[in-house]
Amino acid sequence: MEKVIIVKNLVKKFEDFVANDNLTFDVYKGEIFGFLGANGAGKTTAMKILCALSQPTSGELNVAGFDVYTQQDKIKANIGYMSQRFSLYEDLTVFENIQFYAGIYGLSNKIIKERAENLIKKLEMVEMKNKLVSSLPLGWRQKLSFSIAIIHKPQIVFLDEPTGGVDPITRRQFWDLIYDAANDGITIFVTTHYMDEAEYCNRVSIMVDGRIEALDTPQNLKKQFNAEDMNEVFIQLARKSKNKE
Amino acid sequence: MVKIENITKTYEKGKVKALTNINLSIEKGELFGLIGPDGAGKTSLFRILTSLLIPDSGIVKIMNFDVVKDYKEIRKITGYMPGKFSLYQDLSVEENLNFFASVFGTTVKENYSLIEDIYVQIEPFKKRLAGKLSGGMKQKLALSCALIHKPEILVLDEPTTGVDAVSRKEFWEMLKKLKSEGITILVSTPYMDEASLCDRIALIQNGEILSVDKPLNIINQFNKKLFAIRTSNMYQLMQDLKQFGSLNTAFLFGQVVHFTSKNKNTNSEEIRFFLKENNHSDIFIKEIVPSIEDCFMEFAKNEK
């Protein structure tokens, strides 16, 4: 299988605190990769490095075919990123947000118009096209920001807790969008605190105190830890944390 | 203990409806959960209860004090932990706690037993500025500060949002302990799985209450047969179930799909036959007891 993320011995230190302690893992093209861990385990630090927003202390990393030390701009052009919140401009309309982000990624006006229309139709947001994003309920905003994060058809999209606080029906519609994108060959790299969502991933890694303590399919992890569900797996692993507050 | 009658609250001159005609009553010593997604109106309701927001109409009384007229009394008997971290970031852990104690005319020493279990966990960091604490520690400090004047009722706005599964579990253990001290607790959460830890819950969406009862009774209100289904191809399973003749709902639930039919007579055999015809293998079907999340989605759907 083709690898779209290759991480070898990633270390990130902040002074003498080791946030990422020798991480090694690969992510395959088209897979949904769940990146789990307790608060403070080092997920955000690693994700920022993979998105070329921060430099590692040491290690070899390749994202979307590019080197994180020397080809940061190439990486940024080939990935999508959706932060937990506020990733859209609230004082722009739905259509303006799409236009703005697509423009940043250098899409032509003709393509922007075409993709914007498809996207608005797919999300059933035709009536909301000219409404300010601030007037949309959270769930709609999250679906819109995901669709915008993949408007330039990136190889990989990074999602940082995309469904936190979203109502249960919309949360599932959001996962429908994730499945569709993965079916189109976009690799999904996602963090979440909802353990039922960990079950939807092809593979899941679980970080504890800066290290990856487990990485496998949800099915194998449940077998390995003799657990009913992913919640149990997570609790067994996270309880090992030494950084207990 | 708490009586909420016909509370309505709108914003932007009535354009945004935050709460519509809310009625609730909460008994002394109850651990009561307000369960609903972002934007449901949970924070508005809690701010009204703590006298920080005035409703458009309706009455709220806590121990017979009116939240509008008797706001000074209300503030003495309530402890409030807002969803957003609201302690003084440039004061240390210890300074924050002393400050809140003195504002309420008491001392940390006087009510220490109440917060001891929680506070000992952050005591090693008592000289650290509150702004420099990790999320979990901030949460413990905020809870300590909300408790330091020994309130009759504790109001906690989404204390576990964005908190990992292990810390969430520990937080609920702390709440159980406080309940055993006789404190009435009102807590809101977007996590449906936390509902079963409450004595009673209200499910809220779009400013309206969908249902109020003990978690078990809410589950009994679910009036359809619920099936958990799994096959070797879950993506295809979802697509195919959407074509099932009497489909009511099909939602992904972790490793299975939860399925309900409009037809009361639909049974496992009929579903199995349908899936076999659609070339599914390793078919697993089981009738199950619904969770609060199933109920929430069913009630929310009927509301629309």
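Which residues are linked with B:Glu293 in a network of salt bridges? A:Arg171, A:Arg172, A:Asp196 and A:Glu197 are linked with B:Glu293 in that network. This is a predicted model, and the values below are computed from it.

## The salt-bridge network

Start with the general point. Side chains of opposite charge can pair when their charged atoms come close.

| Residue | Partner | Closest N to O distance |
|---|---|---|
| A:Arg172 | B:Glu293 | 2.9 Å |
| A:Arg171 | B:Glu293 | 2.8 Å |

Take the pair within chain A. A:Glu197 is buried, with a relative accessible area of 1%. A:Arg171 is buried too, at 4%.

Now the pair of A:Arg171 with B:Glu293, where the closest N and O atoms are 2.8 Å apart. This pair crosses between chains, running from helix 6 of chain A to helix 10 (residues 292–303) of chain B. Is B:Glu293 buried or exposed? B:Glu293 counts as buried because its relative accessible area is 11%, and the cut-off for buried is under 20%.

## The interface

Chain A brings 32 residues to the contact, and chain B brings 29 residues. Together the two chains bury about 2600 Å². Carbon and sulfur atoms hold 56% of that area. The rule finds 2 salt bridges across the interface of chain A and chain B. There are also 9 residue pairs in polar contact between the chains.

Which helices of chain A each supply at least two residues of the side that touches chain B? They are helix 6 (168–183) and helix 9 (230–238). Helix 6 of chain A gives the largest share of that side, 8 residues. By type, the side of chain A that touches chain B divides into 11 nonpolar, 6 polar and 15 charged residues.

## A distant link in chain A

The structure holds 23 salt bridges over all chains. One of them joins A:Arg203 to A:Glu31, with the closest N and O atoms 2.8 Å apart. This pair links distant parts of the chain, 172 residues apart. A:Arg203 lies in strand 9 of chain A, and A:Glu31 lies in the loop between strand 2 (17–28) and strand 3 (32–37). Both A:Arg203 and A:Glu31 are buried.

Most residues other than glycine have a negative phi. Two loop residues of chain A have a positive value.

A:Lys153 has a phi of about 50° although it is not a glycine. It lies in the loop between helix 5 (138–149) and strand 7 (156–160) of chain A. At 59% relative accessibility, A:Lys153 counts as exposed.

A:Asp209 has a positive phi near 50°. Its loop runs between strand 9 (203–208) and strand 10 (211–216) of chain A. At 18% relative accessibility, A:Asp209 counts as buried.

## Inside chain B

Chain B has 10 helices and 14 strands. Its C-alpha trace spans about 70 × 45 × 35 Å along the principal axes. Of its 304 residues, 52% count as buried. Among contacts in chain B with a separation of 6 or more, 68% come from residues 24 or more positions apart.

Helix 5 (residues 135–147) of chain B has 13 residues. From first C-alpha to last, helix 5 reaches 19 Å, close to the 18 Å expected at 1.5 Å a residue. Because 11 of its 13 residues are buried, helix 5 of chain B is largely enclosed by the rest of the structure. The buried residues include B:Met137, B:Gln139, B:Lys140 and B:Cys145. As a group, the buried residues of helix 5 pack against strand 6 (78–81), helix 3 (93–103), helix 4 (112–119), strand 7 and helix 6 of chain B.

B:Thr160 sits in the loop between strand 7 (153–156) and helix 6 (165–180) of chain B. B:Thr160 counts as buried, at 1% relative accessibility. Which side chain does the side chain of B:Thr160 meet in a polar contact? The partner is the side chain of B:Glu194, at 3.1 Å. Beyond its neighbours within four places in sequence, B:Thr160 is in contact with residues including B:Gln139, B:Arg168, B:Phe171 and B:Trp172. B:Gln139 is one of the buried residues of helix 5 of chain B.

Conventions: Residues are numbered from 1 along each chain as its sequence is written. Chains are lettered from A and ligands numbered from 1 in the order in which they are written. This is a predicted model: local features need pLDDT of at least 70, side-chain atom pairs count only at pLDDT 80 or more; totals for chains, interfaces and linings use all residues. Side-chain values use heavy atoms; hydrogens and water are left out. Contact means heavy atoms within 4.5 Å. Buried area is the accessible area (1.4 Å probe) that two parts lose on being put together, summed over both. A salt bridge is a side-chain nitrogen of Lys or Arg within 4 Å of a carboxyl oxygen of Asp or Glu. A polar contact is a pair of N or O atoms within 3.5 Å; within protein, one must be able to donate a hydrogen and the other to accept it, and residues adjacent in sequence count only if both atoms are side-chain atoms. Helices (H or I, at least four residues) and strands (E, at least two) are DSSP runs, numbered from the N terminus. Ala, Val, Leu, Ile, Met, Phe, Trp, Tyr, Cys and Pro count as nonpolar, Asp, Glu, Lys and Arg as charged, and the others, Gly among them, as polar. Buried means under 20% relative accessible area, exposed over 50%, partly exposed in between (1.4 Å probe, protein chains only). The expected span of a helix is 1.5 Å times one less than its number of residues.
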